[in-house]
Structures are given as C-alpha cells and as structure tokens.
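Here are my notes for you on this model. Please keep the structure open while you read them.

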Amino acid sequence: MKEDDDMTTRAEQMAKTHQAILDTARELFLKNGYAATSTRDIANAIGITQPALYHHFKDKEVIFLAVITTVGAEIKAGIEEIQARTDWSPLEQLTEVSLLLTHKHPADVFTLIHSSFKALKRDHIRELGGIFATDYVKPIQAVFEQPAMQLHAGVTPQMAASFYITSLSPLFNTFHRIGDPHADERTRVQTLLKMILYGVAVEPDAQ
C-alpha cells in the first residue's frame, strides 16, 4: 500500500514539474523570445536541474513548440468567439483581436515566431509554420472575409490578414507607439487600426 502511495506521489510530482516547465517556459519564451531563452533559464526559474528538465522534454525546441501550440489554440478560440459577435463593427472586432494578441503575447507575435525559424530544425519549422497559419492567420483572415469588412478592390482577406499581423508592432512596445501616449489602451489600439484599415492619406483622385 505504501509503495502504491509512493508511486502516486512521484507521478503527481512529475506531473507538477512537467506543468511548471511549460508555464515557466511560456512566460520566458513569450517575453524574451526563443534565442534569448535557454533551458538553463527555465530550469533555474523553477529550481530544478537541466538533467531533470530533459527528463520531461528532449530539448528546447520541443518545449517551444509545446508552448506555441497551447498559446495558438487559445488565440484561435478567442478570435472565433470575437468573430461570432456579428453585432460588432469590423473595427470593434479587430480591436478585440488586437487586445487578445497583445495580452497573450508580451512581445510582437510575428517576430517571436518567425525569428525562431533560423534556430529550429526543418520539421519543427514546418510544424510551427502550420500552427501560425492555422491558429493565427486563418482565424484573422476569417474576420476580413465577413461582408461588413469592405476591402478595396484587389485586396484579398489573406493579404489583409497578413498586413494586419505584420503592422501590430507598435502595440508591443513603447519605443514607437502610435497616437497619444497618454490615451488608454483601447484608444491606442484603435488609432493604429484606423491607420491599418483606412490608410494615412487620401488618394488624389478621391479628394
């Protein structure tokens, strides 16, 4: 009986450590990026040794993929909930999507994922690219596919989604914020979104 209890305790401790690795890695990867986060950083933050960490995960790449898989699923579910709010205008929907992205990602999501490609194995790059396409690009593209989102001629929802994602950098840092620095978060987000959606100048023949 005691042996069974000991095995249960060990299994519970293993599961607890496994989750602690994922939680800590998520915090460090999303804040500092892939290259600037080491398995030693993760292990030290938890208070375990690197060999103990490798008992749970083969290497840093596997941990990173597990983290992005989890976060990506959260992003996808969140965007789908926002898209279901058909009573919201396109600007309101994209405001909520932008807030979702910045609250889940302390740093620029596009840079985080694509900057890791140079350090990952080819099959992991393919897997990570698939996650980015499925959980980020396609749900955002679906927002731009809605009838209320009246895109310019020649602009496809895919083009609009890609442009939107790569234009969010000012929301992830204070170095080159757009708009009134004293405005609240939602106002700053909408200032940038209006520039993304409607541009910064009027075409000469439209005046």
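**Notes on core, salt bridges and pockets**

1. Start with the core. In this predicted model, the largest nonpolar core holds 50 residues. Ile-63, Ile-140, Phe-144 and Tyr-164 have the most contacts inside it. At least two core residues come from each of helix 1 (2-32), helix 2 (39-46), helix 4 (60-83), helix 5 (90-104), helix 6 (109-115), helix 7 (122-144), helix 8 and helix 9. Helix 4 gives the most, with 9 residues. In soluble globular proteins, nonpolar side chains tend to be buried together.

2. Now pick out Tyr-164. Leaving aside residues up to four places away in sequence, Tyr-164 touches Leu-94, Val-97, Ser-98, Leu-101, Ile-140, Phe-144, Leu-193 and Ile-196. Find Ile-140 and Phe-144 again: both are also among the core residues with the most contacts.

3. Next, the salt bridges. The count is 7. In one of them, Arg-26 meets Glu-74 at 2.7 Å, N to O. Arg-26 sits in helix 1 and Glu-74 in helix 4, 48 residues apart.

4. Glu-74 also pairs with Lys-104, at 2.9 Å, N to O. Lys-104 is in helix 5 and Glu-74 in helix 4, so this pair ties together parts 30 residues apart in sequence.

5. Arg-26 has 23% relative accessibility, so Arg-26 counts as partly exposed. Glu-74 is partly exposed at 28%. Lys-104 is partly exposed at 27%.

6. Glu-80 and Lys-76 form a salt bridge, with the closest N and O atoms 2.8 Å apart. Both lie in helix 4, 4 residues apart, about one turn of the helix. Glu-80 is partly exposed at 39% relative accessibility, and Lys-76 is partly exposed at 27%.

7. Turn to the largest pocket. Its volume is about 370 Å³. It has 15 lining residues, and Gln-150, Leu-151, His-152, Ile-196 and Leu-197 lie nearest its centre. Helix 8 (157-166) and helix 9 (185-198) are the elements that give two or more residues to this lining. Helix 8 gives the most, with 4 residues. The lining has 13 nonpolar, 2 polar and no charged residues.

8. Last, the second largest pocket. It has about 150 Å³ of space. Its lining includes Thr-102, His-105, Phe-172, Arg-177, Glu-185 and Arg-188. Helix 9 supplies the largest share, 4 residues. By class, the lining has 7 nonpolar, 2 polar and 3 charged residues.

Terms used. Residues numbered from 1 in each chain as written. Predicted model: local features only at pLDDT ≥ 70, side-chain atom pairs only at ≥ 80, totals over all residues. Heavy atoms only, no water. 1 Å grid on protein atoms, 1.4 Å probe; cavity = no way out; pocket = protein on both sides within 12 Å on 5 of 7 lines; lining within 4 Å. Points joined across faces, edges and corners; volume = space filled by probe spheres on them. Nonpolar A, V, L, I, M, F, W, Y, C, P; charged D, E, K, R; others polar. Core = buried A, V, L, I, M, F, W, Y, C linked by side-chain atoms within 4.5 Å. Buried < 20%, exposed > 50% of the residue type's maximum accessible area, 1.4 Å probe, protein only. Contact = heavy atoms within 4.5 Å. Salt bridge = Lys/Arg side-chain N within 4 Å of Asp/Glu carboxyl O.
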